[in-house]
Amino acid sequence: MAYDLLIKDGNVVLPDGVRKIDIGISKGRIAAIGDSLNEPSASILHAEGLTIFPGAIDVHVHFDEPGRTEWEGFETGSSMLAAGGCTSYFDMPLNGIPSTVSRQALTDKVKIAEAESHVDFALWGGLVPGNISDLAEMHEAGAIGFKAFLSPSGNAEFEAVDDLSLLAGMRQIASLGAILALHAESAPIVTFLQKEKEEKGLTGFNDYLASRPIVAEVEAVSRALLFARLTGCKLHFVHISSTEAVALIQQAKAQGQDVTLETCAHYLLYSHEDFCRLGVIGKCAPPLRPETERVNLVHALIDGKIDMVSSDHSPCTWEEKDKDNLFAAWGGISGGQFTLLSVIELALSYHLPLSRVAEWTAASPARRFQLAPEKGGIQIEADADLVLVDLNAPYTVSSEKLFQKNKFTLYKGHTFPASVRTTISRGRVVYTDGEIMGRTEGQWLRPHGIIAAH
C-alpha cells in the first residue's frame, strides 16, 4: 500500500489559503499532498465538505497527575483535548504532588503520560525558590521549558518566586538556552488588595476583579521584562488578559528581546459581565476583564500582537469551586476542549482567513518551542496531526459532551458555529463523531536538540 490512510477531497488549511486537495499518510507522517491522489491505501477517509486544520498545540494545560487525579488525569485530559482537535499539549508543573521541580518528578510524570495519553505531550519544569540547581537536569531530561509564578500559585507545593530567585533562575535558564514561562501578576499588589477586601467582608464578583487589576499584570510584566533584559532570558508570558500588558511585551519585542505571549480562549469570548451572570464557574486568575477590554484583546489578536491562544485548562472538583467566598474558590477555567472552536468562532465572526486560526493554534506554538517542522503545519514529512472540522455544523456544549473528568465548564450552553468531526494524531484516528478511538499512544515531545533517556 502506498498510504496507510488517504484523506480525500478535504478543504485543507495551508499558510497561503485553503485548497481542496488530498492528503496521503504513511507511517504517521504526511507522505503526499495533491489533487486526485489515487495510490492504493489501507484506509480512505472521505472529507468532502470538511475543513482540515493542522492539529492544535495547547501549550498550557494542568492535568494534576500524580497526586490530584480526582481533578484531572492524562487519560481524561488528553481525551478532552483530542475531542477538541488538539494533537499536542504541554502539561504545567504545579498541580501534581509532587510538583515537577526536579528531574525525578519530571521522569516519573513522563511514565504516567506515556501510559495514558491519547495524543502527544510535553512537560514544563518548574522554577521555585530553592531549585536553581535542578534546572539543568530537568532541561537535559527533556523539559519543554520552565514555569514560574510571580504571585501565589494557589498550591502550597509550588511557591511563587521572589525577585532574587527569579533573577537567579533567569540567569540559569538563559545559560541553558531554554524558555521561562511566567504567570505575571504582582504578588504585593494582589495580596495587599485581597487582604483589604476580605477584612471588609467584600468577597463578591466586583471585589475579586478589583483585587487583581490590570496594573498588577502590567507591573509584573514590566519587572520580568527588565530582569530578562539584564539576564538574557527568553520569556513566554502565559494567559495575558490586558492590552496594556500586550503593548509592553510588543515594545520589548520591537527592541530585540526574545519574548512571546499567549492569551486564552476564555479571555477572548467571556467578560467580567459574564462572570457575574454565570457565577463562580468563571473565576480565574487573571480575572475575566470588562467587556470593553475583552473586545480590545480580540482586536490585539487580530492585529498580530498576540502570538498564540491556549486553554489554561485548570480543572478541579466541584467542591473546590463551589464557595460562597469567591476568594476561597479554585481559580481556574475548565475548557481545554474548546480552544480551537473558540478561535474558529472569532475567525468566522471577524471574516479572518482560516490560516490565522492555524497560525495561532498550531504553527506559532510549534515554532516557539522548537517542535517545527514536524509539528504545526500540513506539509510533506510533517507528523500527520490533523483535525477535520465541519464549519456548517453548530455545536452546543453540554455536560454530556465533556470528556474532562469533572463535568462542568464555563462554556456550557455556548453554541459554536462549527464542530470537530475527526482528530488524527500521527496518522491515527483518535477521535471521531463523539467517540475516543483506539489506544493511548501519545508520544513525549522535547525541543529539538534534546534527546532524553528515561
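Asp322 has a relative accessibility of 46%, which counts as partly exposed. In this predicted model, Asp322 sits in the loop between helix 12 (318-321) and helix 13 (339-349). Asp322 is also one member of a negative surface patch, together with Glu70, Glu319, Glu320 and Asp324.

Strand 1 (residues 5-14) pairs with strand 2 (residues 17-26) in the antiparallel sense, over eight bridges. The two strands form a hairpin with two residues between them. To find the pairing in the structure, look for Val12, which stands opposite Arg19 in strand 2.

Strand 2 also pairs with strand 3 (residues 29-34), again in the antiparallel sense, over five bridges. Here Ile25 stands opposite Ile30 in strand 3. The hairpin of strand 2 and strand 3 has two residues between the strands, and Lys27 in this hairpin takes a positive phi near 55°.

Strand 6 (residues 56-61) gives an example of parallel pairing: four bridges join strand 6 to strand 7 (residues 86-91). Within this pair, Ile57 stands opposite Ser88 in strand 7. Six of the six residues of strand 6 are buried, so strand 6 is largely enclosed by the rest of the structure.

The loop between strand 6 and helix 1 (74-83) holds Gly73. Gly73 has a relative accessibility of 5% and counts as buried. Its C-alpha is 29 Å from the C-alpha of Pro394, a residue that is 321 residues away in sequence.

The next topic is salt bridges, of which the model has 23. One of them joins Asp307 and Lys253, whose closest N and O atoms are 2.9 Å apart. Asp307 lies in the loop between helix 11 (291-302) and strand 14 (308-310), while Lys253 lies in helix 8 (residues 243-254), so the pair ties together parts that are 54 residues apart in sequence. Asp307 is buried because its relative accessible area is 17%, under the 20% limit. Lys253, at 26% relative accessibility, counts as partly exposed.

A second salt bridge is formed by the side chains of Asp258 and Arg368, with an N to O distance of 2.5 Å. Asp258 is in the loop between helix 8 and strand 13 (259-264), and Arg368 is in helix 14 (residues 354-368), so this pair ties together parts that are 110 residues apart in sequence. Asp258 is partly exposed at 37% relative accessibility, whereas Arg368 is buried with a relative accessible area of 14%.

Arg421 is partly exposed, with a relative accessible area of 30%, and Asp390 is buried at 12% relative accessibility. Salt bridges can also share partners: in this way Arg29, Asp120, Lys375, Glu381, Asp383, Asp385 and Arg426 are joined into one network.

Notes. Residues numbered from 1 in each chain as written. Predicted model: local features only at pLDDT ≥ 70, side-chain atom pairs only at ≥ 80, totals over all residues. Heavy atoms only, no water. Salt bridge = Lys/Arg side-chain N within 4 Å of Asp/Glu carboxyl O. Buried < 20%, exposed > 50% of the residue type's maximum accessible area, 1.4 Å probe, protein only. Patch = residues over 30% accessible without salt bridge, like charges linked within 9 Å, V, L, I, M, F, W, Y side chains within 5 Å. Areas by Shrake-Rupley, 256 points an atom, 1.4 Å probe, with all protein chains shown as cover. Lys, Arg positive; Asp, Glu negative; His and termini not counted. Charge placed at Lys NZ, Arg CZ, Asp CG, Glu CD. Pairing = 2+ DSSP bridges.
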